[in-house]
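Morning, everyone. Have a look at this one with me, and I will walk you through it.

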Amino acid sequence: MAQLALRGVSAAVICSTPFQRLGKAQARVFGVTDLPLVMIPHPLGGIGLEDVKQRANHALPHILKLLEELQA
Amino acid sequence: MNDIDAIAKKPGIGLEVDDDFERINELCLERGWSDGLPIVPPTAARVERMLTFCDRPWDEPIAALAPRYAPATPLRLAANAVMAGCRPEYFPVIVAAIEAMSDPVFNLYGVQATTHPCSPLILVNGPLARELDINGGANAFGPGRHANATIGRAVRLALVNIGGAVPQLGDMATLGSPTKYTYCAAENEAESPWEPLHVEHGFPPETSTVTVIAAEGPHNVNDHESTTAEGVLKMIAGTMTVTGANNVFHVSCPVVAISPEHAATIAGGGYSKADVKRHLYERARLPLSRFSEENVERRFRRKFPELYAQAGPEAMVPLAHAPDDIYVVVLGGPGKHSAFIPTFGTTRPVTRAIVTRDETTVRSTSR
């Protein structure tokens, strides 16, 4: 994602809550400190399809908003 | 530039603090430059002494350590080696281990940041292992030997302090492992009936090597009863067949550490090391029925559809995808215990010769 962002592509990372600090640190390491992180509730592994859909529904408006902002 | 005073004056390199052991240790803990145990303060004099066994420019990066991708220079590595309590003659082993871990096939980013409890197992082969007194005999993975304790700790401190594998920040391990403090041993070549690991991988016997393996802690194989090669190997294969090891879910390289007594029984049955690998490859398998339905559907059928899309509950899942993917080493002392060492997936072990910059084999007196 960092490489996409550096190439001017609108990009964001979807990240569950315990991984937020790692995500921010990695964005800094790769030189894209403003790489957006879209946070979803943890966990992502070991959950059913309905819970996956819930997380997708949670993330989707944030992603659309970010895309609008990045393309503005 | 190999002038410790000049390097230490560069911004972000040196730090002036009172010469107070307790205060320096508190500072390291506060800043996250620690594994939680007391460290030896890396003064300029100690770091310089460590670097007497380094023939490279002290500020020239050897590798960029993930996930921070910070440059691992000899100077920084030496500081961590001092902190770990290493003797200067251990330093070439640490440099070789760091170089080995920077090979892309090792996947250091994954190894460092994963939720899995892996840590680099550092296996040393060749004459240097004996010269440095790296234990491969009784209690090889246990306490008591200075080289094992401090070489492994130096590498771990470098991975934290340079690489950024700070718990809950760059190291996301769910449970972690005591092997994240230190995990270093030599192969017990003297009591092995087979060619040592480095010779198997094409190095001359007189070359010393370091092999890094992203591994869990060892899981014991107790076998006091088998008197045949097939019996011992059946018990090892039985121990390997567990549903929770990453090795069943990924193409990976599990490790089997065979004690000298078990190795003698196996070799006495006419088994070469290649035979052992083939035997374990064929028998260390477990049926799909041992996995939860969710794992069968969501892991095996989707990840390996060519193997399991239509497979029934009797279909067998191997611990390794090829005989040579199983790493077999002889380790330990007297007793009827061997070990299965599960490993992380999406990584391969890397073996590197311990050499000077001009490729000369390092001996303990090289400086």
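Start with chain B: among its contacts with a separation of 6 or more, 82% join residues 24 or more positions apart. Two residues are in contact if their C-beta atoms, placed from the backbone, lie within 7 Å. A word on the source: this is a predicted model, where local features need pLDDT of at least 70 and side-chain atom pairs count only at pLDDT 80 or more, while totals for chains, interfaces and linings use all residues. Residues are numbered from 1 along each chain as its sequence is written, and chains are lettered from A and ligands numbered from 1 in the order in which they are written.

Back to chain B. Of its 367 residues, 48% count as buried. Buried means that 20 or more other C-beta atoms, placed from the backbone, lie within 10 Å of the residue's own. The C-alpha trace of chain B spans about 65 × 45 × 35 Å along its principal axes.

Now, chain A. Helix α3 there covers residues 49-71, 23 residues in total. Helices are DSSP runs of H or I, at least four residues, numbered from the N terminus. From first C-alpha to last, α3(A) reaches 32 Å, close to the 33 Å expected at 1.5 Å a residue. That expected span is 1.5 Å times one less than the number of residues.

Is α3(A) largely in the open or largely buried? The number of its residues that are buried is 0, so α3(A) lies largely in the open.

Last, where the chains meet. Chain B gives 7 residues to the contact, and chain A gives 6 residues.

Terms used:
Helix = DSSP H or I, 4+ residues; strand = E, 2+ residues; numbered from the N terminus. Buried ≥ 20, exposed ≤ 12 C-beta atoms within 10 Å, placed from the backbone.
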